[in-house]
Amino acid sequence: MRYFLEFDTSKLPEEEAQVLVCGSGIAGLTSAIVLKELGLSPVLLTRGIGNTYYSQGGIAGAVHPKDSPYVHLLDTLRAGRYLNDEKATQIMVSDGVMRIADLERWGVEFDRENGFYSTTTEGGHSYPRVLKVKDYTGREIYTKLLDRVKDLKIPIISGELQEILGEDSVAGALYWDGSSLKVIRTSALVLATGGAASMFRHTSNPSKVRGDGIGVAFRAGVSIKNPEFVQFHPTVLKGTNLLISEAVRGEGAILVNSKGERFVDELQPRDVVARAIFNMLRGGEEVFLDFRPVAQRGIRLEDRFPTIVSFLKERGIDPYREPVPVVPAAHYYIGGLEVDTFGRTSFTGLYAVGECSCTGVHGANRLASNSLLEGVVFGYRAAYRVYLDIKYLKLSKTRFRNSKKGISKPDFDFKELRNLMWEMVGLEREGSQLHKARHRVESWIKRCAACEPTRENRQLFDILLVALATVEGALSRKESRGVHYRSDFPHEREIFRRDTLISPEILDS
């Protein structure tokens, strides 16, 4: 299982990079910028716009004099059901204040009112500490950081990571440039390829964010930590992947059923709200998000939420006159590649930051708007670690060859996997269904491994590995905690903090 593609690096075009950063979300862009500012020469490999760009709500940070990182820490631990890695979480909330200053230094302009930050409250926060740019905070951050990358003349390559080369340490990367395979020789590789929430039928993730980068590193020998924790966003416009930001509820929007009745406290943590909506839908009710209480407070919806309102009106929905139909959808992959607080994995020279990694800061449930914060904090720290480590990493010229033949394509597709994960490994889980899911995914992995090594087959194979790890994690955790809800184990049982680690050795069996 170590290699899946058919290739011979002696016959492929080669380039060199002192450091290769894979991914152009907030974590990857931050790493690339800081590496360059430290005097190194990073190269950015990206398949295009990812989740950061579409982030609406904002970035959490205890910037107000009446707030504090300690209170932010307590809110984060509470939302994470105390499964959080407390050391990593302390780093995130403390360093986060400085990193917000860096974002402004790189050109991000957060909303202000009378000269002060205009912050808002989101679910689980005890203080209005979410900095925003209307309802397109992620787009503002992405745009300004990408501008900074271009100003620094950091090379940008359009392509998809296919393989991490190296046996005991990173020797390079194999990537697809849209028409052919190419090799980049490097001794340091920073993965920032995003999460795996798109492997569910209903998702808020763009189609290009598949989670296959996690699978590539898993095949290279890196364990996946806490994969059972997948956060479902409570409010996605029914029939689309448009996320309606939690900030809308923070400003006063309410959730109602078909009878117009409120059925949940909208500002509870996301897992609670998402399951409440799920159960209402399962009972035959429809669920709506009513914007009208926000407008009644004198807030112009098109000023505060221009992107959302524009999208709704394009679909014939007027939030001033009618409630908006919503469903929960897979939104954020809390688990990920096991890393330390500097983004280091167990594979020498390989680092992981952002949603593809698991620092432990989110515990069993991510506190709203902590994802952008995690990306910038640990993207920054990983860059400093690379700066120190690269003095001890040597560029390898080893050649790699892998030859494999097989059938043209499997007799199943990504859509079938998404349906399986939604129905058996979704918001509510049960042991017998999880065992059925594991059997099905294992069968698909074997069938996919027997296929020709096309780009599409390789990507599906890597996503299947992440799906298998997710099912294994869900089976392993015999309790309900945060976003992981087991109907056969509905209560929290673990007295002490316990992480789930899925080792690549599982593939040997």
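The model is predicted, so local features are only read where pLDDT is at least 70. The chain folds into 15 helices and 23 strands, and buried residues account for 61% of its 509 residues. On the charge side, the salt-bridge count comes to 46.

**Overall build**

- Along the principal axes, the C-alpha atoms fill a box of roughly 65 × 55 × 50 Å.
- Take the contacts between residues at least 6 apart in sequence: 75% of them join residues at least 24 apart.
- The chain exposes about 19,500 Å², with carbon and sulfur atoms supplying 49% of that area.

**Charges and a salt-bridge network**

- There are 69 positive and 65 negative side chains, and the centres of the two sets lie 2 Å apart.
- Side chains of opposite charge can pair when their charged atoms come close.
- One group of residues is linked up in a network of salt bridges: Arg47, Glu160, Glu163, Asp212, Arg219, Arg455, Glu456, Arg458 and Asp462.

- Asp75 makes a salt bridge with Arg129, and their closest N and O atoms sit 2.8 Å apart.
- Asp75 belongs to helix H3 (residues 69–79), while Arg129 is in the loop between strand S7 (116–117) and strand S8 (130–131), so this pair ties together parts that are 54 residues apart in sequence.
- Both partners, Asp75 and Arg129, are buried.

**Asp102 and its two arginines in helix H4**

- Asp102 pairs with Arg99 in a salt bridge, with 2.8 Å between the closest N and O atoms.
- Both of these residues, Arg99 and Asp102, lie in helix H4 (residues 86–105), three residues apart, or about one turn of the helix.
- Asp102 also meets the side chain of Arg105 in a salt bridge, again listed at 2.8 Å from N to O.
- Arg105 and Asp102 are three residues apart in helix H4, so about one helical turn separates them.
- How buried are these residues? Arg99 has 8% relative accessibility, so it counts as buried.
- Asp102 likewise has 8% relative accessibility and therefore counts as buried.
- Arg105 has 47% relative accessibility, so it counts as partly exposed.

**A loop residue to look at: Glu261**

- Where does Glu261 lie? You'll find Glu261 in the loop between strand S16 (254–257) and helix H8 (270–282).
- With a relative accessible area of 41%, Glu261 is partly exposed, because that value falls between the 20% and 50% cut-offs.
- Leaving aside residues up to four places away in sequence, Glu261 touches Leu255 and Val256.
- Glu261 and Val287 are 26 residues apart in sequence, and their C-alpha atoms are 9.7 Å apart in space.

Methods: Residues are numbered from 1 along each chain as its sequence is written. This is a predicted model: local features need pLDDT of at least 70, side-chain atom pairs count only at pLDDT 80 or more; totals for chains, interfaces and linings use all residues. Side-chain values use heavy atoms; hydrogens and water are left out. A salt bridge is a side-chain nitrogen of Lys or Arg within 4 Å of a carboxyl oxygen of Asp or Glu. Helices (H or I, at least four residues) and strands (E, at least two) are DSSP runs, numbered from the N terminus. Buried means under 20% relative accessible area, exposed over 50%, partly exposed in between (1.4 Å probe, protein chains only). Contact means heavy atoms within 4.5 Å. Accessible areas come from the Shrake-Rupley method with a 1.4 Å probe; for residues, only the protein chains shown count as cover. Lys and Arg count as positive and Asp and Glu as negative; His and the chain ends are not counted. The place of a charge is taken as NZ of Lys, CZ of Arg, CG of Asp or CD of Glu.
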